[in-house]
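Please find below a briefing on a single protein chain.

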Amino acid sequence: MTTAPDALTIHQLLGRIVYFHALHIAPEQRTDPPSQPGPMCCSHRAAPGRRSAAEVLTDSAWNALLEVATALPAHHRPCPSASGSCCATCRIIAAAAAVAGGWATTEHRAYRHGEPTAQLVTACRNAAADHIARVFAAQHNAFCPVLAASRAPEPQALPGADTLPLTGELLALWADPAATTRNPVASWLNHCTGLADVRRVLDSRRSTT
């Protein structure tokens, strides 16, 4: 079982998602044609004795992740259950996957002027869903069968800071949240004000290697 980092670290990581999305991703998002709704966010009801999504996520910092996800194309729709008894972890799984997939697509388009492969987007989605949901589940003691069955992709299948910096950092930070204060993954991102800046840094770093 994953050990949950302290609440302050989790809040900082969630804040970084909101900050990078607002500053870098949202301004570059294309207006794609409306997509068909994906699977509903909830795979099952909360287990007996466990708090539901409505109870766990209401007024929670984790709502920031859900809000970013809803701003991305093809995000999973909110659970339609009127009782609010759906599994909170499943909602986080769906939101994390939507964020990573959207970021990877937007970054790839901005740096390479083309579409990423389906394999790359799927790997990013699966890794984020696994890493982020495990932190959430550990914090709230909310493990579920869907998360228990998930397997993160091998590291070599994922983009790094030299390929898709924002997406790579997102995945690396959540893979080991305890390391965030000791070893920033790509601290130069803090000095960029948009994806055009990120691309210039990438081009400069590649030209000197």
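The points that follow are grouped by topic.

The model is predicted. Its chain has 209 residues, of which 46% count as buried, and its secondary structure comes to 8 helices and 0 strands.

**Overall architecture**
- Along the sequence, the elements follow the pattern α-α-α-α-α-α-α-α.
- Among contacts between residues at least 6 apart in sequence, 81% join residues at least 24 apart.
- The chain exposes about 10,500 Å², and carbon and sulfur atoms supply 54% of that area.

**The cavity**
- The count is 1 cavity of 30 Å³ or more, and about 60 Å³ of space lies in the largest cavity.
- The residues that line the largest cavity are L13, R16, I17, F20, W103, L166, E169, L170, L173 and W174.
- Helices α1 (7-25) and α7 (165-175) are the elements that give two or more residues to this lining.
- Helix α7 supplies the largest share of the lining, with 5 residues.
- By class, the lining has 8 nonpolar, no polar and 2 charged residues.

**The R16–E169 pair**
- E169 and R16, both listed in the cavity lining, form a salt bridge whose closest N and O atoms are 2.8 Å apart.
- This pair links distant parts of the chain, with E169 in helix α7 and R16 in helix α1, 153 residues apart.
- E169 counts as buried because its relative accessibility is 2%, under the cut-off of 20%.
- R16 is partly exposed, with a relative accessible area of 24%.

**Other salt bridges**
- The model holds 5 salt bridges in total.
- One of them joins E115 and R109, with the closest N and O atoms 2.8 Å apart.
- Within that pair, E115 counts as partly exposed at 46% relative accessibility, whereas R109 is buried, with a relative accessible area of 14%.
- A salt bridge also joins D203 and R199, whose closest N and O atoms are 3.9 Å apart.
- D203 and R199 are separated by about one helical turn, because they lie 4 residues apart in helix α8 (residues 195-207).
- D203 is partly exposed, with a relative accessible area of 37%, and R199 counts as partly exposed at 26% relative accessibility.

**H24**
- H24 is found in helix α1 and counts as buried at 1% relative accessibility.
- Leaving aside its neighbours within four places in sequence, H24 is in contact with L166, L189, C192, T193, G194, L195 and V198.
- Of these contacts, L166 is also listed in the lining of the largest cavity.

Note on methods:
Residues numbered from 1 in each chain as written. Predicted model: local features only at pLDDT ≥ 70, side-chain atom pairs only at ≥ 80, totals over all residues. Heavy atoms only, no water. 1 Å grid on protein atoms, 1.4 Å probe; cavity = no way out; pocket = protein on both sides within 12 Å on 5 of 7 lines; lining within 4 Å. Points joined across faces, edges and corners; volume = space filled by probe spheres on them. Nonpolar A, V, L, I, M, F, W, Y, C, P; charged D, E, K, R; others polar. Buried < 20%, exposed > 50% of the residue type's maximum accessible area, 1.4 Å probe, protein only. Contact = heavy atoms within 4.5 Å. Areas by Shrake-Rupley, 256 points an atom, 1.4 Å probe, with all protein chains shown as cover. Salt bridge = Lys/Arg side-chain N within 4 Å of Asp/Glu carboxyl O.
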